[in-house]
Amino acid sequence: MGVVNVTPDSFSDGGLSFAPEAAVAHGLALVEQGADIVDVGGESTRPGAVRPPVEEELRRVLPVVRELAAAGAVVSVDTMRAEVAARALDAGARLINDVSGGLADPAMLPLMARAGAPYVVMHWRGHAAGMQAKARYGDVVTDVLDELRTRIDAALAAGVAPGSLIVDPGLGFAKESGHNWELLGRLGEVRALGCPLLVGASRKSFLGALLADPVTGRPRPAAQRDAATTAVSVLAAAQGVWCLRVHDVASTLDAVRVTARWGAEAVG
């Protein structure tokens, strides 16, 4: 899953694809590099981000979705708003990636039940402006799994088809660095929920913290975290995740292909 941020303020590449023409070109380039899905988002969810009005999110997202879908791309839309999801599906999107797991908008789960499209349910504890204050856990994996089960149950109760659900442990969302590493180390427990698993570690701050300058202590800048992202992708792929959400598609795909070939040889 290649990332297309149609935002001026995303932590990694905010502004680079803000113009619709640039976003479409970037999405098509990701497909050319081997992305199976392009994930279009019009709201930054970096820590501290301020939400745009729904009209602005629609203005950012819909033209990009239409053009990419018309070009044959499989388009996902990263949104917490049912109105944006509905109009994006009408414009040709085929998957909704809701980082709130239906908590941000009570209309989302009924919409997805009617739409029948694949739906990503992520672990979430609140909007970006205040989410890091909620990074308090007993055992992070146990707590995340319990909260994801609650969201899965809510989706099923609303009529979302079981085969449509995908789960995401929400790396970086109301998580401190150590929480992210523990979740990655115990991905098998997350997979045991029984839904396909999406992992989005690409360029996130816990990688920057790990790779901080040994002299100054400054975190590695986001644009210089792709090699670390690829390492996470290889390890996650080896554990059978359904999809990896990344900025650098080409190197991730190379690494995943090597991982798959290695795994096939080991089985053989």
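Is W181 buried, partly exposed or exposed? W181 counts as partly exposed, because its relative accessibility is 33%, where buried means under 20% relative accessible area, exposed over 50% and partly exposed in between (1.4 Å probe, protein chains only). The model is predicted, so local features need pLDDT of at least 70 and side-chain atom pairs pLDDT 80 or more, while totals for chains, interfaces and linings use all residues. Residues are numbered from 1 along each chain as its sequence is written, and side-chain values use heavy atoms, leaving out hydrogens and water.

A search of the whole structure finds one aromatic pair. W181 and F206 form this pair, edge-to-face, at 5.0 Å centre to centre and with 85° between the planes. For such pairs, ring centres of Phe, Tyr and Trp (its six-membered ring) lie within 6.5 Å; planes under 30 degrees apart count as stacked, over 60 as edge-to-face and the rest as tilted. The pair links distant parts of the chain, with W181 in helix α6 (residues 177-185) and F206 in helix α8 (residues 205-210), 25 residues apart. Helices (H or I, at least four residues) and strands (E, at least two) are DSSP runs, numbered from the N terminus. F206 is buried, with a relative accessible area of 1%.

Turning to another helix, E57 is found in α2 (residues 54-70). E57 is buried, because its relative accessible area is 1%. Not counting residues up to four places away in sequence, E57 touches G42, E43, P52, D78, T79, R81 and V84, contact meaning heavy atoms within 4.5 Å.
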